[in-house]
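Dear colleague,

I am passing on the structure below, together with an account of what was found in it. Please look it over first, and then read the notes that follow it.

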Amino acid sequence: MDRKKFFKTVGIAGTSLVAMSSTADARTRIVSPDWMGMLTDLSLCIGCRKCEWACNEANKLPNKPIQSFDDPSVFQEERRTHAEQFTVVNRFEVDDRPEPVFVKKQCMHCAEPACASACLVRAFSKTAEGPVLYNKDVCIGCRYCMIACPFLVPTYEYADAFSPEVKKCTMCFERFTQQGEVPACAGICPREAITFGKRSDLLKLAREKIRSHPDRYVDHIYGEHEVGGTNWLYISPVPFEELGFRTDLGETPYPEMTRPFLSAVPLVLSIWPMLLMGSYMFSKKREGEAPSTDLHERVDS
Amino acid sequence: MTTISSELDGRKSWVREQIFLGMSFRDYMRSLKTPFNFIALVILCVGLPVTVLRFTQGLETVTNLNDNYPWGLWIGFDVLCGVALAAGGYCLASAVHIFGLKQYRPIVRPAVLTGFLGYFFVVVGLLFDLGRPWRLPYPIVLSFGVTSVMFLVGWHVFLYLTVQFLEFCPAIFEWLRLNKFLRWATRITIGATVFGVILSTLHQSALGAMFLLAPSKLHPLWYSSFIPVFFFVSSMAAGLSMVIFESTLSHRIFSRQISHEDHHKFDGLVVGLGKAAAVVLFTYFCLKWIGVAHGNHWDLVGTPYGRLFLLEMLGFVMLPMLIYIWGVRENSARIVRIAAVWSILGIIFNRLNVSIFAFNWQLADRYVPHWMEITVTITIITVGLLTFRWIVNRMPVLYVHPEYPVTE
Ligand code: SF4
Ligand code: SF4
């Protein structure tokens, strides 16, 4: 093919790809003062699991009578979220503490969610109100969001052959935006261990609690900085690493981890073609000077 | 009347020549009774019902995937290994068309075909794995998750598949004797090649970059901010080894298509490829250790996962590299072939380590593939081999088409 055409082909291909990938550079949002959030005070939780029942009700998940949630045998093994269970309470026995500590687990509604940055069809979004929501209408079911979530939260309906969805806590988005009610778990908790409110207010409340009862809490608000901050916050009477929390996640928001790679893409797209074409031209020229004697020369691939 | 019937005859004989390899339908059917075909039939007899089960009963029935292990054998092997091993297409196409190493020209076509089929069956494997496979085109046409590395992978695999098809088109047009198209197809080859190399660079590394989002799940000896580079460099080793392996097999199985002189020359090419593979593996070996040093993970080398890492690094990177070097020094195509097989196993080992063995290393529960997952993988490979054979038996892949000898 002639050289001019060749340049054109590569040029067009290159620029369109650069244009496509440079949009990936746009920074995601920063922590907003208006975000709603939740604060779980682990020193108050008694492991009654009523929040699990209320969550099942609110999300129309298969449920059992509320009395059956008193059964302590479920605590024998540590549980995680499942497609029919958006929140679970686990029990942790801690050295030098007569009482066990109970930990409620659910989506953390990250400020810069890993799940959203992983999704190739933008099925996850961080809402202006704070919760991270999932759109089942675009999801192709690759489950990369589940790989990416550092808190092992999203789950999948593996048993569904025709319309499987990713399932997770929504912080009762519709409940609080439309009905004006607090999220189901916060509403039912008899110990008021779960508080719903503006994230900024919750942080103040948490700091205040820790300051006024230094004997009751460790000085750490889990979720204030972890992976760039989460909208669900925890305070605890014992160090978080003893309660199954990952304390090695760092403070870098997950989207930052792939950003360098994604922003290198336009660079590769602009430099590579030049190098390759240079090399092509060079070898063409060399070939012209010394015609090939290879008998097997042929038009091909 | 006569014209119609002769046209019909013409078509019949074309079908006979090109589809039934010059045999009558009956003879052709009889010629299919071979041990290989028998095994293939058995595999399909198990694989097809499992396929039906997968698409009617859902993932849970046929896989051991769960919420902690959303990716299993199909992503770890079919997709990650599939793409790496299909890298031969871009390696050879760039060597010949861009770097002007014309002596490798005779093996470009099989390499491009392997690459194309490799990618094609990667996508087939992906269709099994996706929860809603019919939505595969969504990231291309409907909703663009531009912050996602996987979005990049999706686009690139889609474009690259197209490019590789274009690269292979000349063979198809020669087979169908479509001269007009042939001229057009040959003309765009170089553009397609350059574009293909760029796309390959990016998505080979992007497959590694997908794991950048799993720093807390992938063991630190495998997790590194360099992982895109690791994937890219090792894909070259995989591609070259696969070209050696695949062309060796083709030369054995389809030996009647190749002239004697070609066989002789071919050994020289194999050694040449081996040399390149040795260099690539050496680079890869060094880079991997730089990765360990960069993360300062020396203390982890002594742990059980460290032993797995050492096994991979010494047994499946250094060893094949040494065998390659030995083969090149002895100028022995045979030794180089052994090294190629060993390297291929090494790359598979690496991809499985990243996606399965060293993934979720802090969790107690492990993922073990369901036998039906393995069945599907084997079935896909079998169908891939059958397709490859079908094409090679008909189109000018391994030999020069007598009517289209040399032009440029
Ligand atoms: S906890 Fe996981 S699922 Fe929830 S927002 Fe964060 S990354 Fe997404
Ligand atoms: S499974 Fe769905 S939501 Fe999750 S990353 Fe894939 S397409 Fe996005």
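This is a predicted model: local features need pLDDT of at least 70, side-chain atom pairs count only at pLDDT 80 or more; totals for chains, interfaces and linings use all residues.

Sorted by class, the lining of the largest cavity comprises nine nonpolar, two polar and four charged residues.

The second largest cavity has a volume of about 100 Å³, and its lining is made up of 14 residues, of which Cys55(A), Cys169(A), Met171(A), Cys172(A) and Cys185(A) are the closest to its centre. In the lining of the second largest cavity there are nine nonpolar, four polar and one charged residues. In total, the structure contains ten cavities of 30 Å³ or more.

**The largest pocket**

The largest pocket has a volume of about 1400 Å³, and 43 residues line it, with Ile381(B), Gly384(B), Leu385(B), Leu386(B) and Phe388(B) lying nearest its centre. Several elements of chain B give two or more residues to this lining, among them helix 3 (35–57), helix 7 (108–129), helix 11 (227–253) and helix 15 (371–392). Helix 15 of chain B supplies the largest share of the lining, namely nine residues. When the lining of the largest pocket is divided by class, 28 residues are nonpolar, ten are polar and five are charged.

**The two ligand surroundings**

Ligand 1 has around it Cys107(A), Met108(A), His109(A), Cys110(A), Pro113(A), Ala114(A), Cys115(A), Val132(A), Cys149(A), Phe151(A), Pro154(A) and Lys168(A), and by class this shell holds ten nonpolar, one polar and one charged residues. Ligand 2 is surrounded by 14 residues, the closest being Cys119(A), Cys139(A), Cys142(A), Arg143(A) and Cys145(A); the shell around ligand 2 consists of twelve nonpolar, one polar and one charged residues.

**A strand pair in chain A**

In chain A, strand 2 (residues 88–92) and strand 3 pair in the antiparallel sense over five bridges, and within this arrangement Phe92(A) stands opposite Val101(A) of strand 3. Strand 3 of chain A, which covers residues 101–105, is mostly covered, since four of its five residues are buried.

Leu202(A) has its place in helix 7 (residues 199–212) of chain A. Is Leu202(A) buried or exposed? Its relative accessibility is 3%, and because buried means under 20%, Leu202(A) counts as buried. Apart from its neighbours within four places in sequence, Leu202(A) is in contact with Gly37(A), Met38(A), Leu39(A), Thr195(A), Phe196(A), Gly197(A) and Leu233(A). For Leu233(A), which is 31 residues apart from Leu202(A) along the chain, the two C-alpha atoms are separated by 8.0 Å.

Arg183(B), for its part, is found in helix 10 (residues 179–209) of chain B. Its relative accessibility is 51%, and because exposed means over 50%, Arg183(B) counts as exposed. The C-alpha atoms of Arg183(B) and Ala111(B) are separated by 21 Å, the two residues being 72 residues apart along the chain.

With kind regards

Note on methods: Residues are numbered from 1 along each chain as its sequence is written. Chains are lettered from A and ligands numbered from 1 in the order in which they are written. Side-chain values use heavy atoms; hydrogens and water are left out. A residue is near a molecule or strand if one of its heavy atoms lies within 4 Å of it. Ala, Val, Leu, Ile, Met, Phe, Trp, Tyr, Cys and Pro count as nonpolar, Asp, Glu, Lys and Arg as charged, and the others, Gly among them, as polar. Buried means under 20% relative accessible area, exposed over 50%, partly exposed in between (1.4 Å probe, protein chains only). Two strands pair if DSSP finds at least two bridges between them. On a 1 Å grid over the protein atoms alone, a cavity is a set of points where a 1.4 Å probe fits but cannot get out, and a pocket is an open set with protein on both sides within 12 Å along at least five of seven lines; lining residues have an atom within 4 Å of a point. Grid points are joined across faces, edges and corners, and a volume is the space filled by probe spheres set on the points. Contact means heavy atoms within 4.5 Å.
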